[in-house]
Amino acid sequence: MKSDPQAPSMTGRQRVLAALTGERVDRTPVCNPTSVATVELMDLVDAPFPQANREPERMARLAATGYTELGFDSVMPVFSIIQESSALGCNIQWEQKDNWPTVRMSKPIWKTAQDIEIPRNLLTHPDTSCVLEAIRILRKQYGEEIAIIGKTMGPWSLAYHCFGVEAFLLMSLDDPDQTRMILDQLKQVTVDFGIAQIEAGADALTLPDHATGDLVSGEYYERYLRDLHIEFAQSLACPIILHICGRTVDRMEFIAQTGMAAFHFDSKNTPAESMSIVDERIALVGNINNPETLFSRGPEDVESEVFLNLDAGVPLIGPECAIPLQTSLENLQAIPQAVKTWHAEHSNG
Amino acid sequence: MSRLQDLGRRVELQSMDPHCHDISIALYREFNGTVPEYTVHSYSELPGTAQRVLAIANGMQRLGALQSRQTDTTLQFACGNDHPLAVRRTFLECCKLADPSQVPAGELSIVDRKSGLTIVAHCLGEGQYRITADVESAVPTSVDQGAKRVAVIVNGLRKLGEMLPVQDADGNLHEDCVSFSCGQDHHPLVGLLLQRAPNVRALVREQEAAAARGVLAAPSAQS
């Protein structure tokens, strides 16, 4: 833990960026690389789903509540994982206020690498330009106060959306060359959307690439994704936070080699074992359990998990993934409160 | 400066109210000393929100016999005790109604749709109720069927209202009786729970479906 209570007070932005680059912080930052939107916050600022996923003003207003209402050090306006897939032409189910938009992956848009056609309007499509405008609004409104985190989906996730999960996974077994061709073509979407968000004012980018523990092995990660992720770390000029759900300790060694700034890790991995594997080569963030702790339990349980991460030296604290939309506000407020409590206890003693 | 209010612990949430612009309405609980107080609240500022929140709080007074405290939207049970599942059920039932403030309290008897039997909750005092089936009320029927339906409904009341089994002084279980832990009568609450007790499974499914909404699954877990 590189926290120094004697250090001058930092803004949320300084705190997050310092932690992402391994520098000293006045206290551990509270960071949400994915969404902390809830239905009650949507009401508070009149920014309900699905409009908050498609209208920049509402997207920015809802994202800002992570800072103004919950006290996080970062904001993240890209709540969903389908913005660029919509721009690619995927069939989207936008859902209602209380549910997440999803890609209808049972209706894939492509079958082979030859089918891939990145639309010219990728960055001007309403569902991608909305993100860029929301980032601009947040940057203008909050200046240097908070870290603005964007999101650009990795090629593995995009391939799930465009080819269907089952078809793409089978292809990765049967036809490795075509799989690599697909990833190679789709990586341009990741880079272009990422660069556009950096230019719009994003301080860091979350890069979800769902080579999840339940479906893809660590060996697969090394074979198909490690080198691509190294490329992203080199070509996107801001700290990158890789997000992969599930039990991922079997690939954390490879992830630590990518040069990315941080890995957003799931509660299926213990903080101590994860910190031991990454060995300060990459920061860790996340791990506060969503479905059981944040959604179903109380602030005391949230505090316990925050303390577990801080005790292990995890440098940024936050939920493991996009939180359930019905999560209680007191549980979310408990995260920054627990960080402050932990630091108060440790500075006194 | 956060605009969130310190209303205590959220105990129930209606994510989208179909009767008022799909706003979210929540029930919060905090303790005033040892007495739990429940507040109905919405963060929405859309027109009609305040009236809707008030209507639900009024409905909870009518249907659950809660009493208003401090403000019109803060409530407590007359017994001053916590009945967490029962108050949540009261809140959710009020949210289903277009105007819960106008609905009369439930009676202590229902017609069980499955059997056609009239089921009655008889108050025994000190928070105890005996559930009986009027076997004359449905034809053809049997005493056995009546006993089975009483068992189902007793089980439903225990699950929905956290009501307790009743034993006599010798420790013998009265399988047709339930009681509130506070030892006080709550007729309107029993009337409300009695309507749902015959089909607790449907309520459990409804709650599970509501809880599953809004949880983001990884793409690998989506269809």
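These legends accompany close-up views of a predicted model.

**View 1. Chain A meets chain B.** The contact draws 44 residues from chain A and 31 residues from chain B. Together the two chains bury about 3,100 Å². Of this area, 54% lies on carbon and sulfur atoms. The size of an interface is often given as the accessible area lost when the parts come together.

**View 2. Polar and charged links between chain A and chain B.** The count is 17 residue pairs in polar contact, both residues at pLDDT 80 or more. Five salt bridges cross the interface of chain A and chain B. Glu300(A) forms a salt bridge with Arg9(B). The closest N and O atoms of Glu300(A) and Arg9(B) are 2.7 Å apart.

**View 3. The side of chain A that touches chain B.** Two or more residues each come from helix H2 (39-44), strand E3 (102-103), helix H6 (155-163), helix H13 (299-312) and helix H14 (329-348) of chain A. H2(A) gives the largest share, five residues. By class, this side of chain A has 20 nonpolar, 13 polar and 11 charged residues.

**View 4. Strands E1, E2 and E3 of chain B.** Strand E1 (residues 9-14) of chain B pairs with strand E2 (residues 25-32) of chain B in the antiparallel sense, over five bridges. Gln14(B) has Ile25(B), in E2(B), as its bridge partner. E2(B) also pairs with strand E3 (residues 35-41) of chain B, again in the antiparallel sense, over seven bridges. Here Phe31(B) stands opposite Pro36(B) in E3(B). The hairpin of E2(B) and E3(B) has two residues between the strands. In this hairpin, Gly33(B) takes a positive phi near 70°.

**View 5. A five-stranded open sheet in chain B.** The strand order is E6-E7-E8-E10-E9 (chain B), and the pairing is antiparallel. At the edges are strand E6 (109-111) and strand E9 (164-167) of chain B, each pairing on one side only. From one strand to the next, the twist averages 40°. Strands of a sheet pair through backbone hydrogen bonds, either parallel or antiparallel.

**View 6. Strands E8 and E10 of chain B.** Strand E8 (residues 128-134) of chain B and strand E10 (residues 173-179) of chain B are joined by three bridges in the antiparallel sense. Gln128(B) stands opposite Ser179(B) in E10(B).

**View 7. A helix across the sheet of chain B.** Helix H4 (residues 187-196) of chain B lies across E6, strand E7 (118-125) and E8 of chain B. The helix runs at about 155° to E7(B).

Conventions
Residues numbered from 1 in each chain as written. Chains lettered and ligands numbered in written order. Predicted model: local features only at pLDDT ≥ 70, side-chain atom pairs only at ≥ 80, totals over all residues. Heavy atoms only, no water. Pairing = 2+ DSSP bridges. Helix = DSSP H or I, 4+ residues; strand = E, 2+ residues; numbered from the N terminus. Axes fitted to C-alpha atoms, helices over the stretch in contact; angles between N-to-C directions. Contact = heavy atoms within 4.5 Å. Buried area = accessible area lost by both parts, 1.4 Å probe. Salt bridge = Lys/Arg side-chain N within 4 Å of Asp/Glu carboxyl O. Polar contact = N/O pair within 3.5 Å; in protein donor to acceptor, adjacent residues only side chain to side chain. Nonpolar A, V, L, I, M, F, W, Y, C, P; charged D, E, K, R; others polar.
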